[in-house]
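Hi,

Here is the structure I promised to pass on to you. Have a look at it first, and then read on for what turned up.

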Amino acid sequence: MAIKEVDVHGLKIKESDRQLDPKTPQGSIDEKWTYYKGHVPLVSPANKMRIDVIVVGTGLAGSSAAASLGELGYNVKVFTFHDSPRRAHSIAAQGGINAAKNYRNDGDSVYRLFYDTIKGGDYRARESNVHRLAEVSADIIDQCVAQGVPFAREYSGTLDNRSFGGVQVSRTFYARGQTGQQLLIGAYQALSRQIKAGSCKMYNRHEMLDVVIVDGKARGIIARNLITGEIERHSAHAVVLATGGYGNVFYLSTNAMMCNVTAAWRAHRRGAFFGNPCFTQIHPTCIPVTGEYQSKLTLMSESLRNDGRIWVPKRKEDCGKHPNDIKEEDRDYYLERIYPAFGNLVPRDVASRAAKYVCDEGRGVGKSGLGVYLDFSTAINRLGEDKVRERYGNLFDMYAKITDENPYKQPMRIYPAVHYTMGGLWVDYELMTTVPGLFATGECNFSDHGANRLGASALMQGLADGYFVLPYTIGNFLSKDIRTGKISTDSPEFTEAEKNTKDRIAQLLSIKGNQSVESFHRRLGKIMWEYCGMARNAQGLTKAIGLIRELRAEYYKDVFVPGNDKEYNPELEKALRVADFIELGELMCIDALNRNESCGGHFRDESQDNGEAKRDDENYAYAAAWEFTGDPSDPILNKEHLVFENVKLATRVYA
Amino acid sequence: MKLNLKIWRQGGKYKGELVNYQLDGVNEHMSFLEMLDVLNEELVSKKEEPVAFEHDCREGICGTCSLVINGRPHGPWKATTTCQLHMREYKDGDTIVIEPFRAKAFPVIKDLVVDRSSFDRIIQAGGYISVSTGQAQDGNAIPVGKDTAASAMNAAECIGCGACAAACPNGSAMLFTGAKVSHLARLPQGRPEAAKRVQAMVAQHDTEGFGNCTNIGACEAECPKGISLDNIALMNREYTAASFTERPVTVGAEGA
């Protein structure tokens, strides 16, 4: 293995010639998963009782994995930093969950879901993983129905569906505008049943701050009890991270306030490669920013694009007018105009960029000029207000509460905002990171969505990983551990990791500077949004890398963290998370700079075809997996070359 | 606008008392929690300890935020969580009293933060359908009428925040417990365990120290998701029916 230095727009990037092996099983694409399941080593029920597994995070991916592993008979220790496992941000997903059920007889199939996802991800995802996801998608719906998830039904009593962006079938199952909530409660109930049964032990209000590696394998974690401040050691034979995405690196995003990268970043620092960190999803339909004090952005579900029509005034002069006073012929329904085949249901990255362009032209609406209209008047005229209320009532209410405007009477104003991160810990076919025994599931990994995720696919992936993939694949690793016995927490590795965590906390508390953690986070977010947001270029990214390095130095000189480490201290929690966000932010910019092409949500100004993303398959048909070297500014690039045998590489066309 | 805040502080140097704060420059577009963010930024800049309060999604769905605002859980707006309450409700010079959710089964951890793990234990007692991964039949195999699904969904919308118990003079969590009992009891998939479930959940509710329901209705009035009292009625019906049909299972009767 050799490492060479490459000059990328003046930045020296270390590149390894190692080819990462995803360990894809043999056989044709539709045989791989069946072959794998038929040949993977098993752990007998008697041996499972002797094996401990740690699951960090209790969103869809974590709760479903913990419950399923507990049902199988493993001893599972489950960690969440929330007060209850029911709070994770999966709960906020609104629109729905995809599955290739073809209940609508509209031509859906496993292959079509696979194809749509690969194409939607702009050909930057691994075929074998995505096909498996499509294969298990139907089982997820069955499982959730059996758990009591009250999906929307037809009068006949059968399950209802709707459409989401980037597809031409109706394969999205939903529970009003609260699908994520209902699926999470289903998984939470399954987990609660295992807690009662004693197979899962729950640690609420515990935050993982390091992963412990013994003899090259992940054998435990260091966690902080958020009530007492105590630093605890927990051992297991394997560790599963289901800790979500890192959209809050932008400060403002649709993520919940506590979403962070710390668990994944700490794993990265211990040897897990970070895959495609620059692949972030900017969601087109969010409520626009209103002021400096704003703490987060609120999503308006993509499902609204089933019935809502997006437009801006044709003329700049009309932008200040009340929308209801702008005549039909003076409106530009730009998505319907540019993309007639998919109309308002183009994928998220395409819709977001289109909104940016019309606002850049000066045709944006609202006080800031950063907004477009999402109009329901056509749907209300066609279906009546009651039908629209039945479909989207809670979203309309939420919009009214935040903006003080009535979306039944005038169009919503929306603008793109950071929503999801396709990047994450690099995992192989078994969802194992580059650290043996350390697995990553759900949004926390990088695997299935390539450079752009389709709507209603995050819920699908989280539950696929947790219910139907990990319970099989983790067995392969654990089958070698049936004679290992309990993992001791007294080893030097645990002592070192605990000391490392305590030192980090002591360091942050000792700075006693003059600026709040929040103010640093806000500044980081502004740098990221400006230079690593909806459009990126070499000059801006180079500048951002410099700014982030300065910010990091300043952070360790001048941050102020009140209180102490022996108590409930949310400021300290935040300080640890923001420190990791700053390091991640730099890596994202390095990754974005290195990827000198546009694909999906990653748009480089230098690489476009009249505003459409222009891929460079010859040079960038790979997943970038970054290796930590000890210096956050000096990572090593490893590559997994993506092979497309079942889908032909093509330019995405939605027109 | 300028506000007078009286905020409950407890833990560290505070024994448990309302502390006065004056906050200037509050904007009507802010959410209530963003107003508290501004206060905390100000306290931190003065090197004082910020007020501890819980929050996460700020979209009214995770159930993490709480607060009793001028005597009302989640404040004055109907069917609205604290995070969705906006400052246009208030005017310059207003005094706002902010306290934690209070109930015997919700001990205060610090300031405005309480421990609601009792809710988790009520669910663990039986608030689930016992189906393991892989056991499910096809999703369309059992038809569920549109209205049945809708009424189950109405109950399932509960976010587990605890406002019902905080609003109740008896400190009862019957609305929370009833919502889960009724969500699952209304669905055909939930029927086989319905009797055992309601007994186990009610027993746990009582063990946790929540009080009994005396049909006051404050829970429904303050619930941010508008969960109906009907769910308590349905729970009582299920509970009464279970007391006739359910006998304690003797050891050895199951399995063998």
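Between domain 1 and domain 2 of chain A there is one salt bridge. Its partners are Lys526(A) and Glu292(A), with the closest N and O atoms 3.2 Å apart. Please keep in mind throughout that this is a predicted model. The count of residue pairs in polar contact between these two domains is four. On the domain 1 side, helix H9 (348–360) and strand E17 (412–421) of chain A each supply at least two of the residues that touch domain 2. H9(A) gives the largest share of that side, with five residues.

As for the bounds, domain 1 of chain A covers 283–419 and domain 2 covers 507–641. Their centres, taken over C-alpha atoms, are separated by 30 Å. Ten residues of domain 1 of chain A meet twelve residues of domain 2. The area buried between the two is about 890 Å², with 56% of it on carbon and sulfur atoms.

Chain B also has two assigned domains, domain 1 (3–99) and domain 2 (116–245). Here the centres, again over C-alpha atoms, lie 30 Å apart. The contact involves 15 residues of domain 1 of chain B and eleven residues of domain 2 of chain B. About 940 Å² is buried between them, and carbon and sulfur atoms account for 50% of this. The interface between these domains of chain B holds two salt bridges and four residue pairs in polar contact.

Within its own chain, Glu54(B) forms a salt bridge with Arg116(B), at 3.5 Å between the closest N and O atoms. Glu54(B) also forms a salt bridge with Arg205(A), where the closest N and O atoms are 2.9 Å apart.

That second pair brings us to the contact between the chains. Across the interface of chain B and chain A there are nine salt bridges, along with 46 residue pairs in polar contact. Several elements of chain B each supply at least two residues to the side that touches chain A, among them helix H1 (32–45), helix H2 (117–124) and helix H5 (174–185). The largest share of that side, seven residues, comes from H3(B). In total, 78 residues of chain B and 75 residues of chain A take part in the contact. The two chains bury about 6300 Å² between them, 50% of it on carbon and sulfur atoms. Within chain B, the residues that lose the most area to chain A are Glu59(B), Thr133(B) and Lys146(B), which together make up 11% of what that side buries.

Over all chains, the structure holds 80 salt bridges. One of them joins the side chains of Asp108(A) and Arg171(A), at 2.8 Å from N to O. This pair links distant parts of the chain, 63 residues apart: Asp108(A) sits in the loop between strand E5 (97–98) and helix H4 (110–120) of chain A, and Arg171(A) in the loop between helix H5 (127–147) and strand E6 (172–173) of chain A.

Last, a sheet in chain A. Three strands form an open sheet in the order E8-E9-E10, with antiparallel pairing. Strand E8 (206–214) and strand E10 (231–235) of chain A are the edge strands, each pairing on one side only. From one strand to the next, the twist averages 30°. E8(A) is joined to strand E9 (residues 217–225) of chain A by eight bridges, and Ile213(A) stands opposite Ala218(A) in E9(A).

Notes:
Residues are numbered from 1 along each chain as its sequence is written. Chains are lettered from A and ligands numbered from 1 in the order in which they are written. This is a predicted model: local features need pLDDT of at least 70, side-chain atom pairs count only at pLDDT 80 or more; totals for chains, interfaces and linings use all residues. Side-chain values use heavy atoms; hydrogens and water are left out. Two strands pair if DSSP finds at least two bridges between them. Helices (H or I, at least four residues) and strands (E, at least two) are DSSP runs, numbered from the N terminus. Axes are lines fitted to C-alpha atoms, for helices over the stretch in contact, and angles run from 0 to 180 degrees between N-to-C directions. Domain bounds come from an automatic or database domain assignment. Contact means heavy atoms within 4.5 Å. Buried area is the accessible area (1.4 Å probe) that two parts lose on being put together, summed over both. A salt bridge is a side-chain nitrogen of Lys or Arg within 4 Å of a carboxyl oxygen of Asp or Glu. A polar contact is a pair of N or O atoms within 3.5 Å; within protein, one must be able to donate a hydrogen and the other to accept it, and residues adjacent in sequence count only if both atoms are side-chain atoms.
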